[in-house]
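Morning, everyone. Please have a look at the model on the screen, and then I'll take you through it.

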Amino acid sequence: MKKKICIITDIPVEKGKGASLEIYYQYINYLKKKYDIFHIIFSNIKRGKNKKSDIIGINQYYLPYRNHFIPNRFSIICEMDNTKEIETILNNFKISTVIAFDIVAASQIYKIKNVRKIVWLGDLRFQTNFYNFIYNFKSDLKVLKHFFFNTYQNFLLKNKYKKYLRKIDKIIVSSESSEKLLNKMGIKSKFLPYPWPKIFPTVKTKKIQIPKYLFFGNLSGLGSKSALLMLFKKIYPLF
């Protein structure tokens with residue numbers, strides 16, 4: 001009989017539906033080979049319904065989603081509290097290990113006792129919030145008026161990270177820079193690369209004098225902003 005573990009995400013997981021969801025999918029798809037997985041999802045789409053996943057073949061449980069961990073002027077919106085419901089599921093199925101994907105899920109398990117708590121973290125929210133401000137400021141100087149909001153929000157976000165993560169048994173981060181940043185905050189973590197599958201064949205192309213680029217993304221995403229800035233200011237500067 002496989003050991004039972006609980007995995008928590010703040011969004012339904014589907015293969016090929018975005019970078020974060022693909023990472024969650026690959027982790028879950030690997031873990032289900034060794035464990036009996038109970039997947040808790042925060043979503044209002046199918047609230048209260050329990051069903052067998054058609055996508056990855058595991059038990060899924062939907063809990064209500066509320067606005068949570070969202071910067072708002074001089075505060076952080078935190079309206080969700082599913083801790084008791086999660087605890088009930090863990091007790092009913094005698095699950096002793098829970099894995100939370102990213103900080104919103106971590107905020108819902110840090111109070112739970114008598115279970116092993118593991119958290120996987122993507123981009124640190126206080127970093128994302130800061131760099132979004134920086135790139136927005138570079139394209140529009142009027143954004144400077146939000147500087148004090150951004151600074152105080154990041155202070156609050158860091159405090160939330162400390163509050164949640166200090167009660168977690170093991171923390172996995174997706175970059176070495178996150179590992180170093182958390183270490184400065186007194187939080188130990190371990191960097192593991194993304195579990196991307198080897199599905200892309202090697203393509204040989206001829207070298208050309210004028211390179212061609214395909215932009216895939218949107219200008220609201222931090223990765224897209226930084227990529228375009230790097231391309232047009234450092235690799236092929238326009239001015």
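Helices here are DSSP runs of H or I with at least four residues, strands are E runs of at least two, and both are numbered from the N terminus. This is a predicted model: local features need pLDDT of at least 70, side-chain atom pairs count only at pLDDT 80 or more, and totals for chains, interfaces and linings use all residues. Numbering starts from 1 along each chain as its sequence is written, and side-chain values use heavy atoms, with hydrogens and water left out.

The overall picture. The protein has 7 helices and 10 strands. Its C-alpha trace spans about 65 × 50 × 35 Å along the principal axes. Of the 239 residues, 39% are buried. Buried means under 20% relative accessible area, exposed means over 50%, and partly exposed is in between, with a 1.4 Å probe and protein chains only.

Now Lys 170. Where does Lys 170 lie? In strand 9, residues 170–173. Lys 170 is partly exposed, because its relative accessibility is 37%.

Next, Lys 188. This residue sits in the loop between helix 6 (176–184) and strand 10 (190–191). Lys 188 counts as exposed because its relative accessibility is 73%. Lys 188 and Pro 201 are 13 residues apart in sequence, yet 37 Å apart in space, C-alpha to C-alpha.

Last, the cysteines. How many disulfides does a search of the whole structure find? The count is 0, where a disulfide is a pair of cysteine sulfur atoms within 2.5 Å. Cys 6 is buried, because its relative accessibility is 0%. Cys 78 is partly exposed, because its value is 30%.
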